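This report describes the fold and packing of one protein chain. Please consult the sequence and the model shown below while reading.

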Amino acid sequence: MAKIRILINDKSNIVLFNYLYSQFQHLGWPRSIKSKKNVILVFTTKDLIYENLKILNIIKKHVDFDIQEVNKDNKTIIPD
């Protein structure tokens, strides 16, 4: 699976980010990392990376976050 790693700059916006992204839930699966609650990994497919980046740029108007990594590698393990 391809993944996009996001760092949410204000922890209080995590719920807002998840809500806004859930409006486009057909594009991927957001998962937070247990040890770093403000880091979210969005798991998607290679062909939906571009669509996800477009949606994330729309969400970025409401939630302050940085896209740290875009990985199209298929060898990804989904964290707890």
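## A pairing at the sheet's edge

Ile8 has Phe65, in strand 4, as its bridge partner. Strand 1 (residues 2-8) and strand 4 pair in the antiparallel sense over six bridges. Two strands are taken as paired if DSSP finds at least two bridges between them; helices (H or I, at least four residues) and strands (E, at least two) are DSSP runs, numbered from the N terminus.

## Basis and confidence

The model is predicted: local features need a pLDDT of at least 70 and side-chain atom pairs count only at pLDDT 80 or more, whereas totals for chains, interfaces and linings use all residues. Residues are numbered from 1 along each chain as its sequence is written, and side-chain values use heavy atoms, with hydrogens and water left out.

The pLDDT, the predictor's confidence in each residue on a scale from 0 to 100, averages 89 over the chain, and 91% of the residues score at least 70. Among the elements of the chain, the mean pLDDT is lowest for strand 2 (92) and highest for helix 2 (95).

Four strands form an open sheet in the order 2-3-1-4, with antiparallel pairing. Strand 2 (29-32) and strand 4 (65-71) stand at the edges with a single partner strand each, so one side of each has no neighbour in the sheet. Neighbouring strands are turned against each other by 25° on average, direction ignored; axes are lines fitted to C-alpha atoms, for helices over the stretch in contact, and angles run from 0 to 180 degrees between N-to-C directions.

Strand 1 is joined to strand 3 by six bridges in an antiparallel arrangement, and Leu7 has Val39 of strand 3 as its bridge partner. Strand 2 and strand 3 also run antiparallel, joined by four bridges, and form a hairpin with six residues between them. Pro30 stands opposite Val42 in strand 3.

## Helices and burial

Helix 1 (residues 14-22) lies across strand 1, strand 2, strand 3 (39-44) and strand 4, at about 15° to strand 3. Helix 2 (residues 49-59) lies across strand 1, strand 3 and strand 4, at about 175° to strand 4.

Ile14, Phe17, Leu20 and Tyr21 of helix 1 are buried, where buried means under 20% relative accessible area, exposed over 50% and partly exposed in between (1.4 Å probe, protein chains only). These residues cover an arc of only 130° around the axis, which puts them on the same side of helix 1; the arc is that of the directions from the helix axis to the C-beta atoms. The buried residues of helix 1 pack against strand 1, strand 2, strand 3, helix 2 and strand 4.

Asn38 lies in the loop between strand 2 and strand 3 and is buried, with a relative accessible area of 19%. Leaving aside neighbours within four places in sequence, Asn38 is in contact with Ile6, Leu7, Ile8, Lys11 and Ile14; contact means heavy atoms within 4.5 Å.
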